[in-house]
Amino acid sequence: MIITILMLIIVSITWVISTLPFLIPYHILLSSQSKKIDFKLSIEHIVIVSIFVYYLTAVLSFTGIPSISDIVHNSFGIITPKGLNFPPDEINMIPFYWITEGVRPYIENIILFIPFGFLLPCVWKKYEMLWKTALPGITFSLIIELSQLFNRRVTDIDDLLMNTLGVLIGWVIFRLLKEHLSKLQDKVSVQSINIEKIPLLLREEACFYMAIAFAGMFFVFYPFLRSLFIPFLRSLFGYVII
């Protein structure tokens, strides 16, 4: 158990490292644009969004997305001379098709996205309306499911539905705890200011973090860092779990 935890910690650090080639330039530009409108992001905000990025990379790792290497080298034989070949048995459009095999995967998918629904309105007040939190949650989950078409994982409507349900539950938890979180939210949230003056990088900050997390895992972690750390983990623990 302890070994598994240590391995997860080591691997999770590489998830965050993989986002740095995209995260650092973004924050440089974000800071520059924020200064132009005399707006400074708090230290608390920077800390909580770093946790948010870490969480997003964890979701992408647990759900399993392809890498740029998989697509360029056509590792799973998806790209054929006649076009894209997606095996029909790896696409499920029937809700609750797998329910007879157990509810654990459904519960796991719900739990996985609860932090998403909680953190979004907590950090960015523009997402305090339910649909404004649900829409990016559905979009992020849909991108994951569609990307899985290219690595021979099952693209499943059930995952999309359960992930969305998790987002909604997270939002409800936030609403229930909103009064108790008011002081924390004032420190970490982006306050409402004149919308016409808010630069795009700040206005859509959450969306950029989602894109950065995906880009880091897609372009850096899976094609490079993962393969580098497998021998390292084997030498330390004798086996790997990633």
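Student: Which residues are linked in a network of salt bridges?

Tutor: Side chains of opposite charge can pair when their charged atoms come close. Here Glu128, Arg175 and Lys178 are linked in such a network. A salt bridge puts a side-chain nitrogen of Lys or Arg within 4 Å of a carboxyl oxygen of Asp or Glu. This is a predicted model: local features need pLDDT of at least 70, side-chain atom pairs count only at pLDDT 80 or more, and totals for chains, interfaces and linings use all residues. Residues are numbered from 1 along each chain as its sequence is written, and side-chain values use heavy atoms, with hydrogens and water left out.

Student: How many salt bridges does the structure hold?

Tutor: Six. One of them joins glutamate 90 to arginine 152, with the closest N and O atoms 3.1 Å apart.

Student: Is glutamate 90 buried or exposed?

Tutor: Buried, at 15% relative accessible area. Arginine 152 is partly exposed, at 35%. Buried means under 20%, exposed over 50%, partly exposed in between (1.4 Å probe, protein chains only).

Student: Where do glutamate 108 and arginine 104 lie?

Tutor: An α-helix has 3.6 residues a turn, so residues three or four places apart point the same way. Both of these residues lie in helix α4 (residues 104-123), four residues apart, about one turn. Glutamate 108 is partly exposed at 42%. Arginine 104 is exposed at 62%.

Student: What does aspartate 186 form a salt bridge with?

Tutor: Lysine 125, with the closest N and O atoms 3.6 Å apart. Aspartate 186 is in helix α7 (residues 182-188) and lysine 125 in the loop between α4 and α5, 61 residues apart.

Student: Which residues line the largest cavity?

Tutor: Asp70, Ile71, Asn74, Ser75, Phe76, Gly77, Ile78, Ile79 and Phe150. A cavity is a set of points on a 1 Å grid, over the protein atoms alone, where a 1.4 Å probe fits but cannot get out; lining residues have an atom within 4 Å of a point. The whole structure has one cavity of 30 Å³ or more. About 40 Å³ of space lies in the largest cavity.

Technical notes
On a 1 Å grid over the protein atoms alone, a cavity is a set of points where a 1.4 Å probe fits but cannot get out, and a pocket is an open set with protein on both sides within 12 Å along at least five of seven lines; lining residues have an atom within 4 Å of a point. Grid points are joined across faces, edges and corners, and a volume is the space filled by probe spheres set on the points. Helices (H or I, at least four residues) and strands (E, at least two) are DSSP runs, numbered from the N terminus.
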